[in-house]
Amino acid sequence: MPIEMPKGLPFSVDTWSPASDQKRHHFLTHAHWDHMAGLGAHFSYPVYATRLTKSLVLHYFPQLDESVFVEIEIGKTIVAKDPEGDFKVTAYDANHCPGAVMFLFEGTFGNILHTGDCRLTKDTVENLPTKYIPNKKDIENIAQLDYVFLDCTFGRCSLEFPTKKAAIQQVKNCIKMHPNAQVVYLSCDLLGQEEILIEISKEFQSSIYVDQLSVPDCFQVISHIAPEIMTNDSSARFHVIGFPKLNERAARKFSEARNNNEQEPLFIRPSTYWYASHEDAENLSLTDAERDEFGVWHICYSMHSSRHELEWALRHLKPKWVVSTTPPCLAMDLAYVKKHCFKTRLEADDPIWNLFNLSSPEKCATIACASNGNSEVGECTNASKSIVEDSKPDRKRKICSPLKKQEVTLFGRARLGLEETQLWEREEEEGENGKKKCHVLTMEKDLELEIVSVEPFIEQPSSLPVNISLKDKELQVDREKMEMALNGNKNQGDRSIYINESLKKMYRSRNVPVPRPLPSLVELMSSTKRVRLVLNPVKEE
Ligand SMILES: [Zn+2]
């Protein structure tokens with residue numbers, strides 16, 4: 001769920017919009033479709049990516065010329081030439097899918113780690129330069145990360161995911177428990193699940209049937225990285241099967257087997273979303289496969305960090321600021337951020353001024369700090385103050401008015417047109433009788449909100465790459481992330497924010513993430529112990 005990088009930075013990461021076209025350098029972390037949307041129509045180059053990611057992109061977008069890419073491999077540093085100051089970029093393994101990297105940017109703008117999508121296990125974090133891991137003893141020159149743009153897909157999920165290796169062992173065990181299943185259907189067609197297929201092929205000394213027509217992207221990736229495990233013989237025991245309509249297809253195969261007096265086939269789906277969204281998640285086994293009501297076996301296989309892993313990584317990296325790139329988790333949901341990224345006063349040399357392209361704190365900004373109903377105002381020079389009251393009369397907060405015409409771009413603004421106002425709905429549980437109540441958020445509130453929040457926002461519908469044909473085949477969308485973005489984590493009892501069904505369908509039909517409305521101003525203002533950077537509360541034309 002990529003977000004636009006702030007205006008003060010000369011580069012974009014995983015965004016291919018008119019705004020990111022203005023940047024001078026473009027980085028692609030990996031080849032999942034939600035990170036490539038719009039790339040085919042992008043006209044500003046160069047694009048930095050790993051060789052594998054580049055070759056997948058060129059397959060998806062044959063209109064692109066190879067010369068637009070600059071290859072950067074894991075562990076390699078390049079120096080990007082820029083008129084506002086050259087900067088260094090190093091790629092690190094993101095532990096997400098083949099070709100996926102995190103980028104570390106070091107320049108006059110500060111030290112920025114953009115994780116793309118990642119699974120931050122201990123090894124992954126320890127691959128980063130020791131100077132950014134203050135807990136390590138053998139440091140030569142300590143440095144601090146100014147910002148981490150973080151994949152928080154499962155940041156609200158309390159489950160402790162097994163390692164990928166342990167999950168793959170569970171898949172093998174599940175197959176061994178069903179020696180009589182003549183056909184084993186593996187729902188492993190997503191970029192990032194090839195390792196499961198490779199390990200199964202090795203363990204059972206068997207090729208895997210990958211149908212080019214029904215799972216074209218999987219076919220493409222396996223052809224690239226492990227062609228030896230693939231067969232076009234449909235009588236093979238192992239078949240890769242796409243995720244869409246998995247339950248219906250399983251039901252049909254089970255009934256066919258019963259009618260023919262044959263052994264039932266085995267269906268296995270390695271995924272995390274099924275676990276993260278399960279009503280009884282705490283009682284699910286994370287060490288053995290679980291069978292659902294449709295007869296499909298699940299294994300908790302995650303390409304994203306668990307909350308536990310995110311917190312661990314942040315405690316070790318100790319960044320100054322954290323920006324979540326993925327709903328439903330916001331950076332402020334993380335304990336590390338609540339504890340350490342809580343500033344009431346910004347120093348004149350704080351790197352955040354560069355981020356917003358503000359040369360000096362005297363221009364227009366302040367940190368509003370709300371705690372236990374009291375309010376404080378941080379730095380607020382040369383700006384007039386106004387008082388905003390929320391529904392509780394004893395609560396008052398001072399917010400600085402900005403200087404006129406001061407333009408500030410935050411992390412990807414939600415630029416909604418007026419005609420789209422009615423699309424946003426919020427569903428809330430009605431407590432006692434269990435009925436649901438909906439109300440529509442007004443544009444005014446949303447507009448004010450996008451100005452006071454420093455959390456990332458998702459692109460508006462009209463900025464989506466409608467020129468790209470997605471009808472004919474299923475592309476490499478990171479489904480788990482999309483599902484989390486759509487529905488949040490139902491286990492947490494959080495209020496989830498929804499948009500209406502017809503719009504959801506439109507997004508889903510294009511395999512792109514559904515945007516998410518912003519929290520309401522009232523919610524924001526009545527929250528306690530929250531910090532928001534208040535910048536330029538003037539509506540954009
Ligand atoms: Zn991904």
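Biologist: Is Phe 87 buried or exposed, and what is its relative accessible area?
Modeller: This is a predicted model, in which local features need pLDDT of at least 70 and side-chain atom pairs count only at pLDDT 80 or more, while totals for chains, interfaces and linings use all residues. Residues are numbered from 1 along each chain as its sequence is written, and side-chain values use heavy atoms, with hydrogens and water left out. Buried means under 20% relative accessible area, exposed over 50% and partly exposed in between, with a 1.4 Å probe and protein chains only. Phe 87 therefore counts as buried, its relative accessible area being 1%.

Biologist: How many aromatic pairs are there, and what kind of pair do Phe 87 and Phe 105 form?
Modeller: Rings of Phe, Tyr and Trp (its six-membered ring) pair if their centres lie within 6.5 Å, and planes under 30 degrees apart count as stacked, over 60 as edge-to-face and the rest as tilted. By this rule the count comes to 16 aromatic pairs. For Phe 87 and Phe 105, the distance centre to centre is 6.4 Å and the angle between the planes is 55 degrees, which makes the pair tilted.

Biologist: How many residues apart in sequence are the parts that the pair of Phe 87 and Phe 105 ties together?
Modeller: Strands here are DSSP runs (E, at least two residues), and helices are runs of H or I with at least four residues, numbered from the N terminus. Phe 105, buried with a relative accessible area of 0%, lies in strand 7 (residues 101-107), whereas Phe 87 belongs to strand 6 (residues 87-93). The pair therefore ties together parts whose separation in sequence is 18 residues.

Biologist: Which residues are the protein donors of the zinc ion?
Modeller: Donors are N, O and S atoms within 2.8 Å of the metal (3.2 Å for Na, K and Ca), and because water is not among the atoms, sites may look incomplete. The protein donors lie 2.1 to 2.7 Å from the zinc ion, and their spacing along the chain is H-x1-H-x63-H-x20-D-x360-D. They are His 30 (NE2), His 32 (ND1), His 96 (NE2), Asp 117 (OD) and Asp 478 (OD).

Biologist: How many residues apart are His 32 and Asp 478?
Modeller: His 32 is in the loop between strand 2 (25-27) and helix 2 (33-36), and Asp 478 is in the loop between helix 13 (443-452) and helix 14 (479-487). His 32 is buried at a relative accessible area of 0%, and Asp 478 likewise counts as buried at 0%. The pair links distant parts of the chain, with a separation of 446 residues.

Biologist: Which side chain is joined to that of Asn 111 by a polar contact?
Modeller: Asn 111 lies in strand 8 (residues 110-114) and counts as buried at 16% relative accessibility. A polar contact is a pair of N or O atoms within 3.5 Å; within protein, one must be able to donate a hydrogen and the other to accept it, and residues adjacent in sequence count only if both atoms are side-chain atoms. At 3.5 Å, the partner of Asn 111 is Tyr 132.
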